[in-house]
Amino acid sequence: MYAIAALLVPAAAQGALFQFVDDKTGAAAGYVPVQVDGQLVGYTDMYGRIDIHAQQSGEHTVNIRFLGRAFKLQLNISADQKKLTVIRLVEQR
Amino acid sequence: MADGWIMYGLAGLSLVLGFVALLGQKIYIDSQTNQPTEVELPLVGKLKTNYPALAFVLVGAFLAAYTWSKPRDLGEEQWTITGSFLPPAGENVVWEQGTLVLLPKAFDAAMAPNGTFQITGSIPKGKRFEEVVTSIMYTNGKVSGQINVSEEYRKYGAHETSLVKSAGDKLREYSPATLVVYE
């Protein structure tokens with residue numbers, strides 16, 4: 001239903017860092033709940049950023065809701081991801 | 001809510017007494033006309049009945065309807081949440097420049113200059129803090145961090161390593177949570 005395009009942005013941090021932005025407007029998906037494999041892991045901050053810790057490294061299903069729209073993504077979450085991965089939320093019809 | 005149950009109890013008692021009286025009623029004779037007392041009801045028509053029994057039923061129905069129509073006020077309790085965030089290694093954080101938020105329920109919250117917070121907020125009676133708030137978050141343009149309230153409380157209950165330092169009645173105390181740098 002939904003697809004994503006990911007851009008890598010250099011960063012110096014620890015953990016699996018993601019930032020979710022609306023592909024259409026560029027607006028950050030701030031303060032939205034983030035579910036990994038059906039489990040709520042936290043909320044993005046006001047800039048749409050979140051540090052995700054998954055039980056196991058690898059591909060995980062991530063669900064987020066933003067502005068009344070639901071996005072289902074497949075993200076690679078590693079235990080020691082040093083770079084901030086920017087996820088552009090693209091709605092497909 | 002106890003008041004509501006008392007009202008429902010009275011309503012039920014009135015209805016039961018009224019029906020019992022109606023079922024086992026005696027016909028009352030008007031002393032002046034020597035005719036049985038008549039009561040006219042909309043839709044039902046004229047009834048020869050006794051006033052007290054009917055009054056009981058009506059009072060019961062009124063009490064029940066009134067109690068049902070009243071908004072249910074469960075009340076709220078004051079909770080106090082304390083904790084702190086630690087800046088990432090080598091970072092100097094001016095705490096007042098960031099934002100402390102509780103999600104999804106909004107509380108008035110602010111960081112103290114030393115990186116600690118004390119939050120007081122109202123939560124519906126009978127609910128735990130973790131049922132109302134799932135995340136405590138601090139963020140500024142550069143660093144961010146959050147306490148996953150539900151998960152940390154679960155770990156605390158399971159005697160696993162948790163950010164929950166103590167959990168009392170209407171009180172939560174969190175150990176320092178380290179922020180992450182986003183650049």
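**Entry 1: confidence.** I began with the scores, since this is a predicted model. I noted an ipTM of 0.73 and a pTM of 0.66 for the model.

**Entry 2: chain A at a glance.** What does chain A have by way of helices and strands? I counted 0 helices and 8 strands. Walking from the N terminus, I read the elements of chain A as β-β-β-β-β-β-β-β. I then checked burial, and buried residues make up 29% of the 93 residues in chain A. I also looked at contacts in chain A with a separation of 6 or more, and residues 24 or more positions apart account for 60% of them.

**Entry 3: a sheet in chain A.** I traced an open sheet of 4 strands in chain A, and its order is β4-β3-β6-β7, with antiparallel pairing. Which strands stand at the edges? I found β4 (39–43) and β7 (69–77) of chain A there; each has a single partner strand, so one side of each is left without a neighbour in the sheet. From one strand to the next, I noted a twist that averages 30 degrees.

Next I zoomed in on one pair inside this sheet. β3(A) and β6 (residues 58–66) of chain A run antiparallel and are joined by 3 bridges. I looked up the bridge partner of V34(A) in β6(A), and I64(A) is the residue.

**Entry 4: the nonpolar core.** V34(A) and I64(A) turned up again when I opened the largest nonpolar core. This core has 39 residues, and F20(A), V34(A), I64(A) and L89(A) touch the most other members. I asked which element gives the most to this core, and β2(A) does, with 5 residues.

I stayed with F20(A) for a moment. Leaving out residues up to four places away in sequence, I listed A29(A), T44(A), G48(A), I64(A), I87(A) and L89(A) as the residues that F20(A) touches.

**Entry 5: K24(A).** I found K24(A) in the loop between β2 (16–22) and β3 (33–36) of chain A. Is K24(A) buried or exposed? I wrote down exposed, because K24(A) has 11 other C-beta atoms within 10 Å, and the cut-off for exposed is 12 or fewer. I also checked K24(A) against E91(A): they are 67 residues apart along the chain, and their C-alpha atoms are separated by 8.7 Å.

**Entry 6: chain B.** I turned to chain B and found 4 helices and 11 strands. Of its 183 residues, 20% count as buried. Among contacts in chain B between residues at least 6 apart in sequence, I noted that 62% join residues at least 24 apart.

**Entry 7: where the chains meet.** How many residues of chain B are in contact with chain A? I noted 13 residues of chain B, in contact with 16 residues of chain A. On the chain B side, the elements that give two or more residues are β4 (99–104), β6 (133–139), β7 (143–148) and β11 (180–181). β6(B) gives the most, with 4 residues. Sorting this side by class, I got 5 nonpolar, 7 polar and 1 charged residues.

Terms used. Residues are numbered from 1 along each chain as its sequence is written. Chains are lettered from A and ligands numbered from 1 in the order in which they are written. This is a predicted model: local features need pLDDT of at least 70, side-chain atom pairs count only at pLDDT 80 or more; totals for chains, interfaces and linings use all residues. Two residues are in contact if their C-beta atoms, placed from the backbone, lie within 7 Å. Ala, Val, Leu, Ile, Met, Phe, Trp, Tyr, Cys and Pro count as nonpolar, Asp, Glu, Lys and Arg as charged, and the others, Gly among them, as polar. A nonpolar core is a set of buried Ala, Val, Leu, Ile, Met, Phe, Trp, Tyr and Cys residues joined through C-beta atoms within 7 Å. Two strands pair if DSSP finds at least two bridges between them. Axes are lines fitted to C-alpha atoms, for helices over the stretch in contact, and angles run from 0 to 180 degrees between N-to-C directions.
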